[in-house]
Amino acid sequence: MKSRTLLLAAAMGFVTLTGGTLVTVMHMANAAAVEGPLGLYYSTAPDRSGLVPLNRATVRGDIYVSVDGDVTGVTSVTFWQDNPLGSPVRSEVTYPYDFAGGAADGSASAWSTNTVQDGEHVILIQVDKADGTQQNLFARFAVANTVTPSPSPSASPSPSASPPASPTPSPSSPPGGGSCALPKHPTPACTGVPAGTTLTTINGDVNTSTTGQVIENKRITGSIIVTAANVQIRRSEIHGEVKVAENGIASFSLTDSTVGPPSGCNGQAAVGDHSYTATRVRIRNFSDGFRNSGNNILIQDSYVHLCSVPGGHGDGIQGYLGGANVVVRHNTIDQRDQEEATSPVFWADESLGSVLENNLLMGGGYTVRLYGSGYTFRGNKVVNGAWAFGAVDSDCPGISWADNHLVTIDANYTITSTVGVLNCAG
């Protein structure tokens, strides 16, 4: 580590560490401005007035980012931008905890969003407390300084093209999660552990044993093996797999949770294999996302981004001896970065069929592979040209196929145009 010169300016009440990117600033202590959970907030004014949550926000120009809320016992806050494995941007040791530091008069310094590209970004923080504990929090947000509005569905380039890019969901469809309700599709910003959630770390695997057991607000460094019925997993970060034991009774629901290690690539399937409901789940750093190998599965409002392992053949959702009563509704599956990929949706091996509707799919050798019969595939969007070989390779006579389209998207998974109707091709 490079040596740094410590410059103390007692009259100003701050310390600067030169020779690196880490700067520590001490402001005058104040009472918290936000009555809410500890988290990242932002204002458009240097006096921090009107602070609102940064997570899931769309920002532009100069903003003033602070850590606020329940700051009881906080001794320091360290900030990272976009890369938690890189050098921290700043470490603040007294309230208010400003991402860009503060001025001598107590006001916050501006962070210019023009210093980063338009699109999704994340600020991560480590909060150290007087009792020796730590919290790791983050906020995902979109920068939109030059983004122009997407055309409305009525502005289709071809008047002869039939259904618009984003049809109204059928009455049986849920409205979606948070800010990603249709016609939008899930992104990392509206899935996974909500910002401001305090997580208690449990090292190793967790084996459930009680019917109706609740696991919430946990960071589990291993896997969750569900051995009981109706287990509920909420607002948790699981670094390993979440799966049912093959005991004939196990089932679970997984809500507002992140599954996957913080880095690297796990070559297994993140969530499976039957008797589960997944809602607003974010899957990261797995080569396979969801697994369907049995009955009674509902996957909705979730986001999957897959990674590669040597010799792997990843799938966003794989039906391997898939069962009945399987619904996959309003999810985003991104397989574009996976070098050795099969498909975002791949049902084979005597699977019994399923309903797949209103999903946004991209990547794979073929994006859609459904073999056998008993499928409903409707209202889905496939990103044009993102595949290696083609959009569809399926047993078309066994599929009820309707209202599916090829589209283009921007960096935030917003549909920017409809290329045309997506037809089934065997």
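Student: Which residue in strand 41 stands opposite Val-407?
Tutor: Thr-418 does. Bear in mind that this is a predicted model.

Student: How do strand 40 and strand 41 run, and how many bridges join them?
Tutor: They run antiparallel. The two strands are joined by 5 bridges. Strand 40 covers residues 405-409, and strand 41 covers residues 415-421.

Student: What sits between those strands in the hairpin?
Tutor: There are 5 residues between them. One of the hairpin's residues, Tyr-413, has a positive phi near 65°.

Student: Which residue of strand 37 faces Val-407, then?
Tutor: Val-383 stands opposite Val-407. Strand 37, residues 381-383, pairs with strand 40 in the parallel sense. That pairing has 3 bridges.

Student: Is strand 40 mostly covered or mostly open?
Tutor: Mostly covered. Of its 5 residues, 4 are buried.

Student: Zooming out. How many helices and strands are there?
Tutor: The protein has 0 helices and 41 strands.

Student: And how much of the protein is buried?
Tutor: Buried residues are 50% of the 426 in the protein. The accessible surface is about 18000 Å². Carbon and sulfur atoms hold 52% of that surface.

Student: What sort of sheet do the 9 strands form?
Tutor: An open one, with parallel pairing. The order is 16-19-22-25-27-30-33-36-39.

Student: Which strands stand at the edges?
Tutor: Strand 16 (214-216) and strand 39 (399-402). Each has a single partner strand, so one side of each has no neighbour in the sheet.

Student: How far are neighbouring strands turned against each other?
Tutor: By 5° on average, ignoring direction.

Student: Give me one pairing from that order. How do strand 22 and strand 25 pair?
Tutor: In the parallel sense, over 4 bridges. Strand 22 is residues 252-255 and strand 25 is residues 276-279. Thr-255 has Thr-279 in strand 25 as its bridge partner.

Student: New topic: cores. How many residues are in the largest nonpolar core?
Tutor: It has 45 residues. Those with the most contacts inside it are Phe-252, Val-259, Val-271 and Phe-290. Strand 26 (residues 282-292) gives the largest share, 3 residues. Apart from this core lies another, of 25 residues, including Leu-40 and Tyr-97.

Student: Why would nonpolar side chains be buried together?
Tutor: In soluble globular proteins, they tend to be.

Student: What does Val-259 touch, leaving out residues up to four places away in sequence?
Tutor: Among others, Ile-238, Leu-254, Val-271, Ile-283 and Phe-286.

Student: Now rings. How many aromatic pairs are there?
Tutor: The count is 10. In one of them, the ring centres of Trp-111 and Phe-141 are 6.1 Å apart. Their planes are at 90°, so the pair is edge-to-face. The two residues are 30 residues apart, in strand 11 and strand 13. Trp-111 and Phe-141 are both buried.

Student: And how are the rings of Tyr-276 and Phe-290 arranged?
Tutor: Their centres are 6.4 Å apart and their planes at 15°, so the pair is stacked. Tyr-276 is in strand 25 and Phe-290 in strand 26, so the pair ties together parts 14 residues apart in sequence. Tyr-276 is buried, at a relative accessible area of 1%. Phe-290 is buried too, with a value of 1%.

Student: Which residues do ring pairs link into a cluster?
Tutor: Phe-79, Phe-99, Trp-111 and Phe-141.

Conventions:
Residues numbered from 1 in each chain as written. Predicted model: local features only at pLDDT ≥ 70, side-chain atom pairs only at ≥ 80, totals over all residues. Heavy atoms only, no water. Buried < 20%, exposed > 50% of the residue type's maximum accessible area, 1.4 Å probe, protein only. Pairing = 2+ DSSP bridges. Core = buried A, V, L, I, M, F, W, Y, C linked by side-chain atoms within 4.5 Å. Contact = heavy atoms within 4.5 Å. Axes fitted to C-alpha atoms, helices over the stretch in contact; angles between N-to-C directions. Areas by Shrake-Rupley, 256 points an atom, 1.4 Å probe, with all protein chains shown as cover. Phe/Tyr/Trp six-rings, centres within 6.5 Å; stacked < 30°, edge-to-face > 60°.
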